[in-house]
Each structure stands twice: as C-alpha cells, then as structure tokens.
Amino acid sequence: MAGNPFGDDTPVYVISVAAELSGLHPQTLRQYDRLGLVSPGRASGRGRRYSMRDITLLREVQRLSQEEGINLAGIKRILELEQQVEELRAQLFHLHNELDAARAAVARRARGGTDAEPGEGGDRLPVRRASVTVWRTQHTTE
C-alpha cells in the first residue's frame, strides 16, 4: 500500500479489518493462526494485530486453497519451504559478497598491494572458518 505510513511488517490491523482486507471471515483468520499458517502480532491485551504482509499471506493461503485445491497441511509446508528458500537466498547473497571481497583482496595483493595489518604477515588472507558434514551411506550387497 503506497499510503501506508507503517512498514509492511508493522502489525496494525485488528482482526475485523484484516478479515475485510483479505476477503476472509474472522473465524478463518483465527483458524489459520491456530494452524500456524499466518501468525499475527499481539497487542498488550492479547488481541491479534495483522500487518500488510500478513494480509498478503492470508490472500495467498486462500488462493492456494481455493484455486489450486491444496489442503491446509500442504499450504503450511509450501510456506515453510518458501521461507527456507528466502533464507537460503539471503545466505547466498552474503556468501557471494564475501567471495567478491576475498577475490578483490587477492587481486590487490597480486598487484603488489597489501591488506595486512601492522605486525601481520602479508601472505595471509582472513578466512571465516566453516565446517562441513559429509554423510556416507553404506551399501550392502546380498
């Protein structure tokens, strides 16, 4: 919403307004909250407060249910996987930036520049430690 003075994540709409904006019945919103499909914020008196992002999500849940014929458990799984994808995209973005910075540091060093701190050797790059887990399955033949 262009006229919204709050961010998309600001929980400002009471359940009756959120129901009207999403085109759903308030009881449907309560059910979606109980099932964990859409989790609105809470006011001090424990009343639900929906954000514009929540309302958009309510509309998407309804679309998946009515137009695509997906049951609520399936919708919940889809939403969880979409959240995972967004988190992985953010992580990939940060890792890509780190890789670009490391490549730039290597290029500077190759040109004769140095990123070494005073007292450090100039032949080392700062590297974030990572751990890798390798799963191996044991195949048996009979």
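The model is predicted. Helices H1 and H3 pack at an angle of about 50°, and the structure holds six salt bridges.

**Packing of H1 and H3**

- Helix H1 spans residues 15-22 and helix H3 spans residues 52-66, and their axes lie 9 Å apart.
- Angles of 65 to 115 degrees count as roughly perpendicular and those under 35 as roughly parallel, so H1 and H3 are oblique to each other.
- The crossing of H1 with H3 is right-handed.
- On the H1 side the contact involves Ala-18, Leu-21 and Ser-22, which meet Ile-55, Leu-58 and Arg-59 of H3.
- Four of the residues in this contact are nonpolar, one is polar and one is charged.

**Salt bridge of Arg-48 and Asp-33**

- Arg-48 and Asp-33 join through their side chains in a salt bridge, with an N to O distance of 2.7 Å.
- This pair links distant parts of the chain, with Arg-48 in strand E2 (residues 48-49) and Asp-33 in helix H2 (residues 26-35), 15 residues apart.
- Buried means under 20% relative accessible area, so Arg-48 at 19% counts as buried, and so does Asp-33 at 12%.
- A network of salt bridges links Asp-33, Arg-42 and Arg-48.

**Salt bridges between partly exposed residues**

- Glu-68 and Arg-63 form a salt bridge at 3.2 Å, N to O.
- Glu-68 is partly exposed at 48% relative accessible area, and Arg-63 is partly exposed at 30%.
- Arg-77 and Glu-80 form a salt bridge at 3.4 Å, N to O.
- Both Arg-77 and Glu-80 belong to helix H4 (residues 72-110), where they are three residues apart, about one turn of the helix.
- Arg-77 is partly exposed at 45%, as is Glu-80 at 38%.

Note on methods
Residues are numbered from 1 along each chain as its sequence is written. This is a predicted model: local features need pLDDT of at least 70, side-chain atom pairs count only at pLDDT 80 or more; totals for chains, interfaces and linings use all residues. Side-chain values use heavy atoms; hydrogens and water are left out. Axes are lines fitted to C-alpha atoms, for helices over the stretch in contact, and angles run from 0 to 180 degrees between N-to-C directions. Helices (H or I, at least four residues) and strands (E, at least two) are DSSP runs, numbered from the N terminus. Angles under 35 degrees count as roughly parallel, over 145 as roughly antiparallel, 65 to 115 as roughly perpendicular and the rest as oblique. A crossing is left-handed if the near helix is turned anticlockwise from the far one by less than a right angle, and right-handed if clockwise. Contact means heavy atoms within 4.5 Å. Ala, Val, Leu, Ile, Met, Phe, Trp, Tyr, Cys and Pro count as nonpolar, Asp, Glu, Lys and Arg as charged, and the others, Gly among them, as polar. A salt bridge is a side-chain nitrogen of Lys or Arg within 4 Å of a carboxyl oxygen of Asp or Glu. Buried means under 20% relative accessible area, exposed over 50%, partly exposed in between (1.4 Å probe, protein chains only).
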